[in-house]
Amino acid sequence: VFGIAHVANTLVGNEMLRGISGGQKRRVTSAEMLSGMQPMLFGDEVSTGLDSKSTYDICNSFAILTRSFDMTTVVALLQPPPEVFGLFDDLILFCKGHIVYHGPASEAGAYFERLGFVCPDTMDIADFLQQVVTDAGRAFLRPEALADPSTPANAEQFAAAYKVSPYFTDRQQNFDRAELPKEKEPSYLDRFFTVKYTNPWVHSFWLVLVREVKLVLRNRAFLHARAAQAVLMALLCGTLFFKIGLDQFQIRYSVMFNSLFFLSLGGMSLVPVMMEERHVLYKQLGAGFFPTSAHTLAKAIVEIPQILLEVIIHVTFVYWMSGLAPEVSRYFFFMLVAFATNLAMTTSFEVAATVFSNVPEAEGVCSFSVMLLMLFCGYVIPKAKIQSYFLWFYWLSPLSYAYQSVCLNEFKAGIHSTLVYTNTSSTPVTQGDLYLQLNG
């Protein structure tokens, strides 16, 4: 109907990516809003920025759907071409807040001719109707109407003339007769006014989930870049901390912190993407396409495999190359903590992308927050040395809980169970406990 089947596999595009044309974008949006088969459609300045052909294609599509599905369509247009004007059944003409004509579009010219205004042969009816109620409309008056004091000369007089016309009387009678019966047979329109969402929650969730999966799979360049980044950073960290000695406990702390911190930053790359998608999401939520909870859960489920893949790649390379505790159970625990940290930080970045109005604000707040989390997680400044009035940063930081967990996971392992004596106690302690005490 909208003539966009040939661009079905073309991206819509944005400021950085060339996609479909402006007229095709307008038609995509129109088709999107009509996909739910709403009983009423309102279009405001749908022709702005489009040529005559694109405007006609869109309005003709509206006309076909309106008559096919018994809809009501109201469209505001500025300077419509004659072929577009001819598509409409009724016309409402405004001037300075007053209705100066409301009736059949085909009879508008005859109505104003009875008032003394004649459309020139060289002008189309749409342009005539736009000018006739303005000061320029005096040029269309018949000579004998110029001297007639009853000829309308301003918006108030045009509105008064309309209110004594048969068109106004007919509309008022229609409104007076439009009384809904107390009991009526169920209609297909009832569902649009009695339920907020046409589909049940489970069906809406499934539809959104399928769409999110398609969007992720179509953006293969982003997936490949994210996987390549994970592999390169893992190899870099693994070779930088290759085969750490058992006595190099400070370097082991650095390995664990570096891994958690890198994975925590992975979600920041999603902030611009989410903010670009946000206006589409708000439009669809406002139109009642699906509940917010269905979209949120579907989005989270789609992100989990991406996060998990990134964590598996990074942790596998770094854990075994750096020589951390060679126990499979501790390797999987490290991976679980890293996954939970990445998921928590990604969620917090998504919250920032939802709250703030533009990308610089969101990224600025995210960067500042990450700096605080890094500073007070227990690595840069040990917990014992954090001032009491800043300690609440430590307890609020998800990075601090993750860092503490992986440190205990590492230094409670069997490779650090050698007993040693300290200067402060005659009771031997394990190397792992000693390293934990030295780090505060």
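## Burial and surface

A residue counts as buried when its relative accessible area is under 20%, worked out with a 1.4 Å probe and the protein chains only. By that rule, 40% of the 440 residues of the protein chain are buried in this model, which is a predicted one. The protein chain exposes about 25,100 Å², and carbon and sulfur atoms supply 63% of that area.

## Overall form

The protein chain contains 19 helices and 6 strands. Its C-alpha trace spans about 120 × 45 × 45 Å along the principal axes, and the radius of gyration of the protein chain is 34 Å, whereas a compact globule of 440 residues would have one near 22 Å.

Where contacts link residues at least 6 apart in sequence, 66% of them join residues that are at least 24 apart.

## The second largest pocket

The second largest pocket has a volume of about 1,200 Å³, and its lining is made up of 33 residues, among which Val74, Val75, Asp90, Leu91 and Ile92 lie nearest the centre of the pocket. By class, the lining of this pocket comprises 23 nonpolar, 6 polar and 4 charged residues.

Both helices and strands contribute to this lining: helix 2 (52-68), helix 5 (125-132) and helix 8 (166-177), together with strand 2 (72-76) and strand 3 (90-95), each supply at least two of the residues that line the second largest pocket.

Note on methods:
Residues are numbered from 1 along each chain as its sequence is written. This is a predicted model: local features need pLDDT of at least 70, side-chain atom pairs count only at pLDDT 80 or more; totals for chains, interfaces and linings use all residues. Side-chain values use heavy atoms; hydrogens and water are left out. On a 1 Å grid over the protein atoms alone, a cavity is a set of points where a 1.4 Å probe fits but cannot get out, and a pocket is an open set with protein on both sides within 12 Å along at least five of seven lines; lining residues have an atom within 4 Å of a point. Grid points are joined across faces, edges and corners, and a volume is the space filled by probe spheres set on the points. Helices (H or I, at least four residues) and strands (E, at least two) are DSSP runs, numbered from the N terminus. Ala, Val, Leu, Ile, Met, Phe, Trp, Tyr, Cys and Pro count as nonpolar, Asp, Glu, Lys and Arg as charged, and the others, Gly among them, as polar. The radius of gyration is taken over C-alpha atoms; the globule rule is 2.2 Å times the number of residues to the power 0.38. Buried means under 20% relative accessible area, exposed over 50%, partly exposed in between (1.4 Å probe, protein chains only). Contact means heavy atoms within 4.5 Å. Accessible areas come from the Shrake-Rupley method with a 1.4 Å probe; for residues, only the protein chains shown count as cover.
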